[in-house]
Amino acid sequence: MVNMWKFLVFIAAVVVWPDWSVGQEYLTTVGSWNFYKVQASGPMFNDNVKVTCESMGMRYPCYTSGSARCAFRWTSDCITYDHAGVECITLRVLSANLCGTTDGYGSYCQPLDDTFVYCPDYWSDGSAWGVDYETHTFNLHGADYNNMYALCADWDECSSAPCQNQATCQDQINGFTCQCAPGYAGTLCETDIDDCIGVTCQNGAVCHDEFNSITCQCVPGYTGTLCETEIDECGSAPCQNGAVCQDGLNSFTCQCVPGYTGTLCETDIDECASSPCLGGGTCVDHVNGYSCVCPKGHVGDKCETVQYAGGCLLFSSDAVSYPEASQECQTRGGHLVDVKEAELQRLIADTIPTGSDVSPWIGLKMTPGVMTYADGTSVSDQLQWLGSGPPTSCDLCTYLDGTSGYLATTAPCAERHQYVCKSDPKPCQRNICYNNGVCSTCFNDSYSVCSCQAGYEGDLCNIDIDECASNPCQNGGTCLHGVNSYSCHCQVGYGGENCQHVEDCLSSPCVHGTCTDGLASYTCSCENGWTGNNCNQEIDECASNPCWLGGTCLDHVNGYSCVCPKDKAGKHCETVTFAGECYQFSSSALTHQEATLACSTNGGRMVDLKDEQQQLFLADQIAGTTGASNWLAMKAAPLAFMYSDGSAISGPLQWSTSALTNPCDLCVLMDSSDNYLANVAPCTEQHNYVCQDALKPCEQNVCQNGGNCTSCFNGSAAFCRCPDGFEGKVCEINIDECLSNPCQNGGTCQDGVNSYSCRCPTGFLGDHCEFDMDWCSQAQCPLGWTCQDFNFYFLCLHPTPITREFPYQCSSASCPDGMYCTEEGVASFSCKAV
């Protein structure tokens with residue numbers, strides 16, 4: 001068939017409506033509604049808004065959208081639109097679309113300036129509700145405003161895709177226009193134009209109207225745009241591979257040369273299509289023939305003979321009866337194979353090509369009452385049977401069923417099947433194998449097989465396997481062939497068995513890891529706890545904040561430890577004491593039953609929450625750990641919630657308002673989504689949990705310096721209450737009271753147990769050396785001299801120095817004990833501490 005020509009036709013279908021563009025302005029689209037502001041005339045009452053919109057062929061929205069939970073200040077005469085969760089109030093929805101804000105109910109959005117919306121049951125006089133952009137005011141009383149804008153809406157008629165056949169829909173107020181694709185017409189472009197009108201196809205051809213074009217469908221034997229030309233089928237020389245073309249009426253025939261087939265003699269007949277080669281042999285197709293390349297251990301034209309540890313197997317290609325198969329095997333110097341081992345059964349199954357529909361006889365038939373092998377022995381228990389086992393009826397023989405995975409089954413011995421013969425191997429009279437290959441023969445010397453030494457192959461072991469054939473040496477390395485081996489002579493700069501990499505590890509770049517050479521690169525396998533290209537970055541195991549409840553994380557190589565605050569213990573500081581009890585917070589989520597068992601296994605129980613202070617304490621601790629909901633011990637009893645000890649729930653327990661009131665296989669948890677108030681959930685849900693145990697004296701007091709040791713949860717958590725002056729996990733730290741530098745004025749602090757003392761410098765005294773010493777009140781100058789006080793010493797002055805004839809000379813009586821005297825001129829001396 002040939003296309004003649006194509007007519008391109010452009011037709012626009014128009015639905016005409018009155019002129020509506022005067023005095024109106026498009027605002028935005030919400031859902032399938034287009035919103036407009038339309039110039040009104042007169043006071044802005046609701047009725048005026050309605051009349052203004054309807055006069056333009058539009059609908060009008062109300063103050064709210066009218067959708068779910070947004071039907072206040074709305075009537076059924078108003079439109080209903082999907083506000084998409086933005087806001088119930090129409091002007092705020094439009095403001096969000098136009099200006100990206102809902103502030104001021106639209107009064108901050110300039111396009112909505114002086115716009116009034118229909119607002120039923122709001123103003124007693126029926127006024128519309130408006131906004132003003134200039135003053136950013138809203139809730140404008142419509143009766144006080146004239147000639148403003150009414151908010152109107154028009155349904156997008158194009159949203160229902162009314163135009164057909166890929167036409168383009170153009171929406172208008174209360175109408176639409178369809179712009180038709182070429183080849184279509186009509187209001188909705190629903191009509192396909194018949195382009196065959198006026199066109200004549202020749203020679204009995206039929207004209208077919210298509211999309212904006214026609215096609216002449218010629219009767220057989222003709223061609224051309226209008227089917228005006230008779231076809232010469234041999235003119236294109238369709239016959240291939242030397243075939244002769246014979247022309248006919250609307251046809252031709254190819255007479256193929258031998259070895260080819262097909263309508264055009266284009267196909268070389270694949271004699272391998274029937275998978276004639278057995279045992280995984282590779283079939284090589286030839287013209288009008290084939291040959292089989294047999295895998296190791298297989299010989300014969302079809303690789304039909306297989307050598308294995310127990311002998312040789314011969315697979316037939318002909319189907320005969322069981323007696324004929326038995327006779328044929330004997331004639332060849334063997335017998336039907338006796339399958340006594342599962343391995344042999346699998347070997348036979350694997351040798352037969354998949355999909356060949358072969359189910360061969362094996363050497364097992366029914367003697368009167370007993371199934372025996374060809375050699376007269378009983379059935380092996382390793383033979384895998386189809387069904388419940390061998391039958392007990394007579395004159396039955398056994399074959400391996402190819403349709404059931406080659407399981408053994410029986411059939412009348414007269415049925416025709418392929419068969420498998422077995423022959424015991426024996427050494428060849430003349431060793432025809434090269435390179436120390438071992439020659440063996442079977443089936444009356446019909447087949448000889450060579451078992452080759454490593455490094456040799458071929459039917460006669462005459463081929464030295466070239467291990468260099470696969471080009472194993474990389475990067476320009478030279479391959480040196482050996483017997484069953486090779487070696488690579490590498491270019492400078494490369495190394496490895498196959499010259500596959502540069503010796504990049506010689507510089508030991510991996511700081512904490514093992515280096516593996518690559519090609520112009522290396523890879524570091526880092527030791528635990530290290531990362532980075534060179535394993536030189538220690539992994540910060542504290543980065544995940546594993547320590548809870550104020551614990552301080554200490555990063556180690558390949559690990560971390562938590563320094564827990566007082567009254568906290570555990571690997572993650574997850575065990576806390578409160579009011580004489582231990583509480584342990586889990587890091588994993590379990591069912592209520594599993595959580596109960598976990599607490600019990602750890603020597604505790606699920607927590608019984610019985611007072612408000614306890615609940616507040618647990619809520620604070622959970623918030624500082626996982627922050628997840630946690631199981632409590634309580635679960636639903638037949639009639640009421642009970643504590644784990646069987647007592648009724650106490651009054652102070654604060655419940656979530658959403659908690660269920662009719663228990664049925666429900667358990668209680670502290671709900672993280674409701675401020676950790678008590679709630680219920682199916683006991684099979686998985687949540688974190690809190691275990692509780694009483695504090696008791698430690699079996700062995702691990703606390704030092706007189707600390708008091710208590711433990712819980714089978715001794716897994718221990719707490720030391722330290723005497724005054726000591727701290728630390730086991731009270732091992734003597735608190736250094738001198739750390740706060742209590743001694744003043746250069747005094748030296750001496751730490752004691754829960755105490756300290758200050759050694760004051762000369763001139764100061766007091767518990768903290770806080771007082772300046774008054775030397776003149778402690779000592780008296782001799783001879784009535786005058787005393788002058790200084791920080792570290794005092795000075796004695798002669799009352800009338802000008803009357804002295806000789807300088808003062810210091811003596812042992814000049815200064816108090818512990819001080820030494822220094823002459824300070826003719827009429828003074830000083831006393832200073834030693």
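Strands S49 and S53 pair in the parallel sense over two bridges, where two strands count as paired if DSSP finds at least two bridges between them. Helices (H or I, at least four residues) and strands (E, at least two) are DSSP runs, numbered from the N terminus. The structure is a predicted model, in which local features need pLDDT of at least 70 and side-chain atom pairs count only at pLDDT 80 or more, while totals for chains, interfaces and linings use all residues. Residues are numbered from 1 along each chain as its sequence is written, and side-chain values use heavy atoms, with hydrogens and water left out.

Five bridges join S53 to S47 in the antiparallel sense, and Phe585 is placed opposite Val690 of S53. Strand S48 likewise runs antiparallel to S53, with two bridges between them; here Met606 faces Cys691 of S53. In general, strands of a sheet pair through backbone hydrogen bonds, either parallel or antiparallel. Six of the seven residues of S53 are buried, a term that means under 20% relative accessible area, with exposed meaning over 50% and partly exposed the range in between (1.4 Å probe, protein chains only).

Helix H5 (residues 592-601) has His592, Ala595 and Cys599 as its buried residues. Viewed down the axis of H5, these buried residues fall within an arc of 60 degrees, so they line one face of the helix; the arc is that of the directions from the helix axis to the C-beta atoms. The face turned away from the buried side of H5 carries the exposed residues Gln593, Leu597 and Thr601. The buried residues of H5 pack against S48, strand S49 (630-636), strand S51 (666-671) and strand S53 (688-694), contact being defined as heavy atoms within 4.5 Å. After H5 comes Gly603, whose phi is positive, near 85 degrees.

Strands S47 and S48 are also linked by side chains. Glu581 forms a salt bridge with Arg605, the closest N and O atoms being 4.0 Å apart; a salt bridge is a side-chain nitrogen of Lys or Arg within 4 Å of a carboxyl oxygen of Asp or Glu. This pair links distant parts of the chain, since Glu581 belongs to strand S47 (residues 581-585) and Arg605 to strand S48 (residues 605-606), 24 residues apart. Glu581 is buried, with a relative accessible area of 19%, whereas Arg605 is partly exposed at 35%.

A search of the whole structure finds six salt bridges. One of them joins Arg416 to Glu324, with 3.6 Å between the closest N and O atoms. Arg416 lies in the loop between strand S30 (407-412) and strand S31 (420-423), and Glu324 in helix H3 (residues 322-331), so the pair ties together parts that are 92 residues apart in sequence. Arg416 counts as exposed at 53% relative accessibility, while Glu324 is partly exposed at 40%. Another salt bridge connects the side chains of Arg346 and Glu343 (3.9 Å, N to O). Both of these residues lie in helix H4 (residues 342-351), three residues apart, about one turn of the helix. Arg346 is partly exposed, with a relative accessible area of 45%.

An open sheet of six strands, with mixed pairing, has the order S3-S4-S8-S5-S6-S7. Strand S3 (24-30) and strand S7 (137-141) stand at the edges, each with a single partner strand, so one side of each is left without a neighbour in the sheet. From one strand to the next, the twist averages 35 degrees; axes are lines fitted to C-alpha atoms, for helices over the stretch in contact, and angles run from 0 to 180 degrees between N-to-C directions. Within this sheet, strand S4 (residues 33-39) and strand S8 (residues 149-155) pair in the antiparallel sense over seven bridges, and Trp33 has Trp155 of S8 as its bridge partner.

Helix H1 (residues 46-55) lies across S4, strand S5 (115-117) and S8, at about 45 degrees to S8. Helix H2 (residues 90-99) packs on the sheet as well, touching S3, S4, S5, strand S6 (129-132) and S8, and its direction makes about 90 degrees with that of S3. The buried residues of H2 are Thr90, Leu91, Arg92, Val93, Leu94 and Ser95. H2 is followed by Gly100, whose phi is positive, near 75 degrees.
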